[in-house]
Structure formats: structure tokens, C-alpha cells
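Subject: Structure for you to look at

Dear colleague,

I am handing over the structure we spoke about, and below it I have set out what was found. Please open it beside this message and follow the residue names as you read.

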Amino acid sequence: MEFDFNNPFGSITRLLTDLLLGLGLDQPLVAFILAVVGAGILAGATLTTAGVFNIWLERKVGARFQDRLGPNRVGPFGLFQGIADAIKLVLKEDITPLGADKVVFNIAPLLAVMSVVGLWAVVPFAPQLIGADLNVGVLYVVAIGGVGTLSVIMAGWSSNNKYALLGALRTVAMLISFEIPMVLVLLVPTMLAGSMGMVAIVDGQDVWYLLMAPVAALVFFISSLAEVGRTPFDLIEAESEIVAGYNIEYSGMKFGMFMVAEFFHSFTIGALFTVLFLGGWRGPGSETFPLLGLVYFIAKTFFMYFVVMWVRYTFPRVRIDQVMALNWKFLTPLALVIVMTTAVVDKLALEQSLPRTPVHLALNVALVLLTILALQAYARALRRKVEGLPEPEAGEVAGAAIGPG
Amino acid sequence: MIPLSWYLILTAALFCVGLFGVLSRRNAVAILMSIELMLNAVILNLIVFWRYGQPADISGQVFALIVFAVAASEAAVGLALILSIYRRRSTVAADDINMLKW
Amino acid sequence: MLDQWMFVAALLPIGLVMAASPILAGLLLAPRKPNAVKLSTYECGVETVGETWVQFKVQYYIYALIFVIFDIEAVFLFPWAVAYNQLQLYMVLEGVLFILILGGGLLYAWRKGALEWL
Amino acid sequence: MTAMQAIFLLLGLITFLSAVMVVVSPQLIHAGLWLVLTLAGVAGLFVLLEAPFLAVVQVVIYIGAIAILIIFAIMLTRRMLREDGRQYNNLWAGAVTVSLILFAVLTFLVLQEPSLAAGSEPLQAETSVLLQDLGRSMVDVDRFIIPFEVASILLLAALIGAIYVARPMMASEEGDREE
């Protein structure tokens with residue numbers, strides 16, 4: 001069989017399949033072996049990128065934002081800093097506190113990593129290069145994210161530490177709250193592509209969904225930032241309030257796993273955003289040269305990752321009551337409105353045979369204007385209320401976070 | 001292939017485990033968890049019969065989805081009631097909650 | 001269909017193993033000298049008072065409650081969104097009605113102050 | 001035994017054993033975590049039954065939402081449980097008997113019926129086509145539009161009811177702080 005350069009990834013799979021079949025193995029067994037090998041490569045490559053390269057990148061970029069140099073001692077430009085850190089973490093003593101629930105305590109970091117690695121199963125890197133083209137891809141992403149929530153609760157509960165438990169409850173409350181607008185706006189790409197499969201969503205993006213649904217993209221971006229627990233939503237690690245959050249009792253490599261999961265997750269956000277709203281691997285020439293598609297995908301992903309870092313080093317942390325209010329009183333209603341209007345307007349546009357993209361853009365502009373007006377009215381009402389009342393106590397909210405415990 | 005009877009025996013087992021939990025646990029939250037087990041057995045059974053009976057007709061899946069909604073509503077309201085009783089009576093043991101006795 | 005899921009079934013355990021292997025390496029390489037102070041609960045050096053199980057606020061439960069309801073709503077809408085291209089206008093409007101009914105629930109929660117972080 | 005049967009047995013075993021652990025764990029949080037494993041096993045069985053949508057729905061709703069709700073409730077009612085050693089009521093022996101008898105009867109009935117030994121036919125349509133059919137049927141006036149809208153009203157009722165029940169607790173907590 002000759003190698004088809006227009007379809008390199010499909011060809012490699014076929015070559016390997018033929019090779020293994022030639023060894024006299026059964027068809028299902030070959031499929032299983034290929035799945036295991038592919039999964040191993042995928043998990044290894046992404047985890048190494050996240051654990052070693054991304055942490056270096058983030059520290060370097062963060063340093064530049066703050067007018068520092070960042071890591072520059074180990075290797076060229078400090079590139080091997082991540083490896084040095086990993087070695088250090090491996091050599092650290094691993095402490096399991098007294099009174100901890102050992103089994104749950106040890107499973108929690110594993111689940112945290114697994115929940116992020118699992119997300120990559122449905123990410124299409126290039127044409128024909130996807131782990132599993134599930135036709136429920138979008139919901140699968142949400143489902144695997146739920147496992148991450150579970151790992152937080154397990155870590156916080158098993159540590160037998162007040163701060164860990166408090167941090168975990170807070171984190172979980174925030175994670176599940178932000179899941180709602182995220183799931184709701186995921187309906188928009190699903191609706192536009194007519195499928196939940198990631199490949200179908202990428203194929204449907206002749207025009208990037210960022211242009212057709214910018215507000216939905218923004219809501220998705222904000223809520224996924226909160227899902228990762230990145231600044232401005234890093235209440236998970238709010239040192240000044242709850243020491244260090246749910247992973248306070250973890251040390252050594254177990255803590256390292258939580259950290260890898262977090263960095264990996266914010267990188268994954270970039271990839272998911274790319275697939276859902278930035279056209280995935282699509283770009284000029286990517287149809288004929290799939291390798292170019294891979295390059296586009298990686299470039300877009302790293303760009304989105306850069307935006308995540310940009311946000312992180314630009315905005316201050318938000319208070320927990322503000323975060324919750326932002327979610328329940330702003331993002332959730334907005335997401336509901338987006339879903340409803342997109343559904344109706346798109347159907348109307350199709351029936352009147354109007355061009356889809358301008359109609360959607362007009363809808364989004366109108367939505368933004370209405371949102372601004374609503375926010376203005378809300379702010380005015382709030383100001384009137386505050387001016388009518390005496391000044392609220394400053395310590396009220398900080399004290400409220402802990403509750404009558 | 002997997003015989004239909006295997007699935008049915010498994011769901012029967014799940015249901016009976018749940019039944020045992022409902023009948024014997026003292027803690028109201030544990031009873032609720034057992035009810036969730038039973039509901040899950042039911043949903044699994046619905047899907048099994050959909051798959052082995054009439055896979056072309058989607059109604060089995062619709063039915064299962066509605067049961068999901070019912071299960072979630074039941075859990076939400078049930079747990080709220082348990083919490084409320086706990087606040088008043090400081091107990092979650094089902095056999096101590098006997099205000100409606102007479 | 002099932003060979004797609006086989007990849008997921010392979011990836012999730014591999015993710016677990018990849019997370020477990022550095023931890024196991026740590027078990028082999030790292031020193032192990034536990035003592036009572038090291039193993040005690042970390043609270044910034046302050047002695048732990050009382051049990052871990054302080055009473056938590058009901059507000060956490062209420063958020064989880066509203067979350068459950070809206071999660072199910074979104075899940076119900078996904079098949080509707082997948083079939084969107086084949087739907088007629090009145091069918092789309094039925095989906096909108098579904099959202100509006102639950103939007104009423106959000107409004108109720110808002111009015112009752114259930115969304116406030118106290 | 002085929003590979004499918006082996007996978008089924010493995011998943012079934014995980015599901016069943018963790019279900020047993022749910023009802024026997026003395027510590028409620030552990031019971032909750034075992035419940036999560038049971039639910040995951042059932043989700044795996046859904047995949048095996050070629051209902052991938054229900055599998056992810058099972059994970060999203062049950063593991064991601066209901067299990068979290070239950071764990072929150074356990075944490076909020078924790079104070080009582082730890083002192084309270086007795087996990088079973090006086091009926092437990094009867095409960096074991098009833099459950100075992102029911103299981104025996106059901107198994108007996110299932111094994112009696114020869115038509116139940118058959119395997120499944122392959123699906124006629126792609127699962128994605130089925131998913132579209134599912135979506136269409138839920139808003140089609142001739143099919144399941146009433147259950148669909150009633151489900152939303154049910155959810156609304158559950159939301160309002162649960163908030164109505166839970167609100168006095170919030171009010172009392174506010175009172176606590178002011179004291």
C-alpha cells in the first residue's frame with residue numbers, strides 16, 4: 001500500500017492495521033491494540049506538554065507580564081525548569097495526614113488528572129486525527145468535567161482538614177454553578193452544526209462560530225475559566241481567605257498531580273475553544289494538506305492558551321459572592337436568552353433564506369446592546385438602593401464566607 | 001452476543017440490593033441513595049428492552065430520559081425535606097421521624 | 001460505534017496510570033520519616049480545635065439544587081439541538097417554551113433570594 | 001465466551017459489587033462514592049447497549065449532579081451520623097429475606113422464558129440518526145411533546161418546592177449570624 005500524503009493520519013492507521021492483521025491477529029484485537037497505542041501516545045504527548053512545557057511557558061509569559069525574566073537557569077531559556085521541578089517533586093516526602101481517609105485521599109489526584117486527559121479523546125487535531133469521534137462529543141466533555149468536580153470533593157473530604165473541606169465545598173459550588181452557562185452555550189454550536197460530534201462541529205464551521213455567535217463564545221470562555229479555577233476565579237486557592245483550598249494537605253507528587261491537572265486543564269480549554277468556536281484545524285489549505293491543519297490547530301490552541309494567561313495576569317481576584325452573582329444573575333440568564341434567540345432567529349433566517357452569518361452577527365450586536373442597557377438599569381437600581389440605606393459593613397462579606405461554623 | 005436474560009438478572013440484582021437498602025437502612029439519606037439504585041435498575045431495564053425489543057422505535061430512550069428527570073426531582077426535593085427535618089429534629093434516622101404518627 | 005468508545009475505555013485507565021506512575025516513583029525515591037507534628041492537620045501552625053465536621057451552610061445545598069434542575073434542562077435540550085436542522089418553526093418554539101418555563105424557575109429563585117451568597 | 005460477554009460480566013460485576021457496598025458501608029460518604037461507581041458502571045452498560053447519549057446523560061446527571069447533591073446533603077447532616085453506630089433498623093433480617101426472595105423469583109422467571117436467551121439484533125440506524133430522531137420526537141406534536149413539556153413543569157415544580165422547603169433554613173442561618 002502506498003502512502004497517501006493527502007491523508008497521512010488515515011494512512012498510518014491503515015498501515016498499522018494491515019501490519020497487525022498480517023501478524024495473524026483478529027480484527028477486534030487489532031482495533032483494541034491500536035486504541036491502546038493511540039491513547040498512550042495521546043495521553044503521553046499531551047501530559048508531557050502540559051507538565052513540562054506549559055508550566056515553563058506560563059511562568060515565562062507571566063514573568064514578562066510582570067516585567068521579570070522568569071525561569072532562565074536550567075537549560076536554554078530555562079526550558080528544562082519543568083523537568084527540574086518534576087524531579088524535585090518526586091524526591092519530596094509524601095505526607096498523608098493522620099485521620100485522612102487514605103484510599104480516597106490517594107485516588108483524588110488520579111481522578112483529577114484522568115478527568116482532564118479524558119477530554120482529549122474527542123478533540124480533533126487534524127482531519128482523520130481524532131481519538132474517538134463520539135457523536136455525543138460535546139456532552140462527553142461536560143460529563144468528564146463532572147468527574148473533576150468529584151475529585152475536588154474527594155480531596156477536600158478525605159484530608160480531614162477544615163480548610164480543605166471548606167475550600168472543596170466552595171470550589172464545588174463554584175464549579176457546578178459555572179457548569180450551567182457552559183452547558184447552555186454549548187447548545188449553540190450543537191444547534192448550528194446539527195450534531196454533538198466534534199468532527200461534525202469542525203466540519204460545519206465554514207464560517208467560524210466565533211463570528212456567528214460571539215456572545216456565546218464569550219460566555220463559554222468565561223465559564224470555562226471558572227471551571228479551571230483561573231484568575232479572576234481562583235477562589236480555590238485564595239490564600240488570604242482559605243489558606244490554599246482543597247489540596248492543602250497534599251504534598252510531593254500528589255500535589256504535583258493536582259497542579260499538572262490545573263495547567264493541563266487551562267491548556268485544554270484553549271483546545272476546546274478552538275474546536276468549538278475557532279474552526280479547529282480549518283484554515284487556508286488545510287483541506288489538501290492535513291499536516292497544515294495540525295499546525296493551525298496547535299497555533300490556535302496556543303493562542304487561546306495565551307489569552308487565558310493574559311486574563312490571569314490582568315484581572316484581580318473576584319470575591320465569592322460576586323462570582324456567584326456573576327454566574328447566576330448574569331451568565332445563566334444571558335445563556336438562556338442566547339439559546340432561545342439563536343434558535344428562533346436561525347430558523348427564521350433559514351425560512352426567509354437570508355444569509356446566516358450577518359443575521360447572527362446582527363442578533364449578537366443587538367444582544368450586547370440590550371445586555372449593556374440591562375446592566376445599566378441594574379446598576380442604577382442598585383445605586384439608588386445603596387444610597388437610600390446606610391453604608392454596608394466592610395467585613396460582612398468576608399465573614400459570611402465561613403458561615404456560622 | 002450477550003443474552004437478554006443476563007441483563008435482566010443484573011437489573012433484578014441491582015433492584016433487590018436497592019430494595020434491601022430502602023427497607024433496612026436507618027439513615028434517610030442512605031434510603032434515598034438506595035432509591036436511586038432502584039431507579040437506575042429501572043432505567044437500565046428500559047434501555048435493555050428498547051435495545052432488544054424495538055431498537056427502531058426511540059420511545060424507550062424518551063421514557064428513560066423522563067425517568068432521569070423524575071429521579072433528579074425526587075432527589076432534590078427529598079434531600080431538601082431531609083435537611084429541613086434534620087434542622088428541626090436534629091435527626092436523619094427514618095424511624096425517629098414519626099411526626100405523622102397519629 | 002463501539003470501537004470509538006474503545007478508545008475512551010483505553011484512554012481513561014491510561015490517564016489514571018500516567019498520573020499514578022510519578023506518585024509511585026515518589027514512593028520509591030522520596031524519604032519517609034513521618035512524625036506526629038508532620039502528620040498533624042495543617043492550619044497555619046494553629047492547633048486544631050474541634051472536629052473537621054463543622055456545620056456548613058445550607059446555601060451550598062441550594063446552589064447544588066438549582067444546578068441539578070438546570071443541568072437536566074440543558075441535557076433535555078441537547079437532542080433538540082441536534083435535530084435542529086430538521087425541525088419546523090413551531091417545534092423550535094416548543095423548545096423555547098421549555099426554556100421559558102424553567103426560566104420562570106430561575107426568576108422565582110432570584111426573587112426568593114436563593115441565589116444570594118449569604 | 002466472546003469479548004463482549006467478558007466486558008459485560010466485568011461491568012456487571014463492578015456495578016453489582018459497588019451497589020452492595022452502597023447499602024452496607026457504615027460511613028455514608030463512602031456509600032456515596034460507591035454509588036458513583038455503581039452509576040459509572042451502569043453508564044458503561046449503556047455504552048454496551050449502544051445508547052451513548054444515555055451513557056453521557058447518566059454521567060452528567062447522576063454522577064455530575066445527583067451524586068454531588070447527595071454528598072452535599074451528607075455533609076450537611078453529618079453531625080448525627082458519626083455518633084449513631086446503628087445503621088440498620090429492626091427490620092433488616094426481613095429486608096434481606098424479602099430482597100433475596102424477590103431476586104430468586106425474578107431470576108427464576110427470567111430463566112424460565114426461553115425467548116430471553118436470545119442476543120440483540122444489530123441496530124438498523126446509526127446512533128447519530130437515532131439521536132436526531134430522539135430530538136425530533138420530543139418536540140413532535142404527534143409523539144412526545146406532552147411528556148417533554150410536562151418534564152419541564154415537573155422540574156419547575158421540583159425547583160420551587162425544594163427552594164420553598166430549604167428557604168427557612170437560610171433565614172435561620174442569617175438569624176444565627178446576627179446573634
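A place to begin is A:Arg319, which sits in the loop between α12 (290-312) and α13 (320-351) of chain A. Please keep in mind throughout that this is a predicted model. Is A:Arg319 buried, exposed or partly exposed? With 15 other C-beta atoms within 10 Å, A:Arg319 counts as partly exposed, because a residue needs 20 or more such neighbours to be buried and 12 or fewer to be exposed. In the sequence A:Arg319 and A:Phe233 are 86 residues apart, yet the separation of their C-alpha atoms in the model is 8.4 Å.

Chain A as a whole

If one takes the contacts in chain A with a separation of 6 or more, 76% of them are between residues 24 or more positions apart.

Chain C and its side towards chain A

Chain C has four helices and zero strands, so that its elements, read from the N terminus on, run α-α-α-α. Of its 118 residues, 48% count as buried. How many residues of chain C are in contact with chain A? There are 62 of them, and they meet 74 residues of chain A. On the side of chain C that touches chain A, at least two residues each are supplied by α1 (2-29), α2 (36-39), α3 (58-82) and α4 (89-111) of chain C. The largest share, 21 residues, comes from α1(C). By class, this side of chain C divides into 45 nonpolar, 10 polar and seven charged residues.

Two helices within chain D

Within chain D, the axes of helix α1 (residues 3-24) and helix α2 (residues 28-48) come within 8 Å and cross at roughly 155 degrees. Angles over 145 degrees count as roughly antiparallel, and α1(D) and α2(D) are therefore roughly antiparallel to each other. The crossing in which α1(D) passes α2(D) is left-handed. Which residues make the contact? From α1(D) they include D:Ile7, D:Phe8, D:Leu11, D:Ile14 and D:Val22, while those from α2(D) include D:Ala31, D:Trp34, D:Leu35, D:Gly41 and D:Leu48. Counted by class, the contact of α1(D) with α2(D) has 14 nonpolar, five polar and no charged residues.

With best wishes

Methods
Residues are numbered from 1 along each chain as its sequence is written. Chains are lettered from A and ligands numbered from 1 in the order in which they are written. This is a predicted model: local features need pLDDT of at least 70, side-chain atom pairs count only at pLDDT 80 or more; totals for chains, interfaces and linings use all residues. Axes are lines fitted to C-alpha atoms, for helices over the stretch in contact, and angles run from 0 to 180 degrees between N-to-C directions. Angles under 35 degrees count as roughly parallel, over 145 as roughly antiparallel, 65 to 115 as roughly perpendicular and the rest as oblique. A crossing is left-handed if the near helix is turned anticlockwise from the far one by less than a right angle, and right-handed if clockwise. Two residues are in contact if their C-beta atoms, placed from the backbone, lie within 7 Å. Ala, Val, Leu, Ile, Met, Phe, Trp, Tyr, Cys and Pro count as nonpolar, Asp, Glu, Lys and Arg as charged, and the others, Gly among them, as polar.
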